[in-house]
Amino acid sequence: MSEPLNPTPETPGPAAETPGPTPDADPGAMSDADAAERRAASFERQRRLRQEPRFPGGPAADPAGSHHERRIRSFQPRRSRVTTGQEDALQRLWPKWGLDIDGRSVLDLPTLFDGLPVVLEIGFGMGEATAQMAADDPGTGILAVDVHTPGQGNLLGLADRAGVSNVRVANGDAIILLREMLEPAALDGLRVYFPDPWPKKRHHKRRLIQPEFLDLVARRLKPGAVVHCATDWEPYAEQMLEVLTAHPLFENTQADGGYAPRPAFRPLTRFEGQGLDKGHVVHDVLFTRR
């Protein structure tokens, strides 16, 4: 039987005693040194928790650690509940199909994908669309990146049940992957489907599709590679179209310079269907690397 995901420390029994305050002591008083010590201890506990792997041999809690500079992240790691099936997939399949983005080595994609052309997908959610695209196109490798542990386990399980072997699941920051772990012109495409729109104006700097991100992507894409983005957030769609149009190394696949129809290879996801039911309009943006 596996260990509980979030074990709680044992609490002292009835016989355990803690010293009480001295008669003249103020129970609410605490020296500055004591307060600082408690804050340091709390910080250390949180740091250890972030670095503690949830599944031995599975995805690391913080694969890049502290050996890369701090920056604004375009994602928020989530440590939500993992089902029994997802846990089983992580334990069985992570050593075979999973990798941590630690920024310490360059990936050999031809070896990793048995010579297949490779498309990078950033943010795959629960992995249903990714698994379907892999099954529909076994001649293309999909390097799928996310930080959501249940989604990682779900995608591994879906791929296993479908009998596909052209998916690899990467855990961590896609920026570190692109910058530190991929060769120039290593990728045949990039897919970013329904990224976090960061709707508040003060958070727009966290959006993934920015000029600096495209500079980095352009160095990792082969000429002719396709960048495919999709979103149901109208202002973000406008930003995607604007920054890709302005970049000198990308060209719109649409002659009119606008949005593209949803290509047949992108499945209609459950999330997208829910948005359409609410009246959301989904925009696809497809550009090629010059």
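Ala185 is partly exposed, with a relative accessible area of 33% (buried means under 20% relative accessible area, exposed over 50% and partly exposed in between, with a 1.4 Å probe and protein chains only). The residue has a positive phi of about 55 degrees although it is not a glycine, and it is found in the loop between helix 6 (174-180) and strand 5. Helices (H or I, at least four residues) and strands (E, at least two) are DSSP runs, numbered from the N terminus. Phe194, likewise not a glycine, has a positive phi of about 55 degrees. Phe194 lies in the loop between strand 5 and helix 7 (211-220) and, at 17% relative accessibility, counts as buried.

The model is predicted, so that local features need pLDDT of at least 70 and side-chain atom pairs count only at pLDDT 80 or more, while totals for chains, interfaces and linings use all residues. Residues are numbered from 1 along each chain as its sequence is written, and side-chain values use heavy atoms, with hydrogens and water left out.

Eight strands form an open sheet with mixed pairing, in the order 1-4-3-2-5-6-8-7; two strands pair if DSSP finds at least two bridges between them. Strand 1 (98-100) and strand 7 (250-252) are the edge strands, each pairing on one side only. From one strand to the next the twist averages 25 degrees. Axes are lines fitted to C-alpha atoms, for helices over the stretch in contact, and angles run from 0 to 180 degrees between N-to-C directions.

Strand 1 is joined to strand 4 (residues 167-171) by three bridges in the parallel sense, and Leu99 stands opposite Ala170 in strand 4. Helix 2 (residues 84-97) packs on the sheet, where it touches strand 1 and strand 4, and its direction makes about 70 degrees with that of strand 1; contact means heavy atoms within 4.5 Å. The 14 residues of helix 2 reach 19 Å from the first C-alpha to the last, close to the 20 Å expected at 1.5 Å a residue (the expected span is 1.5 Å times one less than the number of residues). At Gln91 helix 2 has a kink of about 40 degrees, shortly before the proline Pro95; the bend at a residue is the angle between axes fitted to the seven residues ending there and the seven starting there. Buried residues of helix 2 are Gln86, Glu87, Ala89, Leu90, Leu93, Trp94 and Trp97, and their cover includes strand 1, helix 5 (149-162) and strand 4.

In strand 3 (141-146), six of six residues are buried. Gly141, Leu143 and Val145 point one way, Ile142, Ala144 and Asp146 the other way. In a regular strand the side chains alternate between the two faces of the sheet. Strand 3 pairs with strand 2 in the parallel sense over five bridges, and Ile142 is the bridge partner of Val119. The chain crosses from strand 2 through helix 4 to strand 3 in a right-handed β-α-β crossover; a crossover is right-handed if, with the strands pointing away from the viewer, the path from the first strand over the helix to the second runs clockwise. Helix 4 (residues 128-136) lies across strand 2 (118-122), strand 3, strand 4 and strand 5 (187-193), at about 170 degrees to strand 3. Strand 3 and strand 4 run parallel and are joined by five bridges, with Val145 opposite Ala170. Strand 3, helix 5 and strand 4 make a right-handed β-α-β unit.
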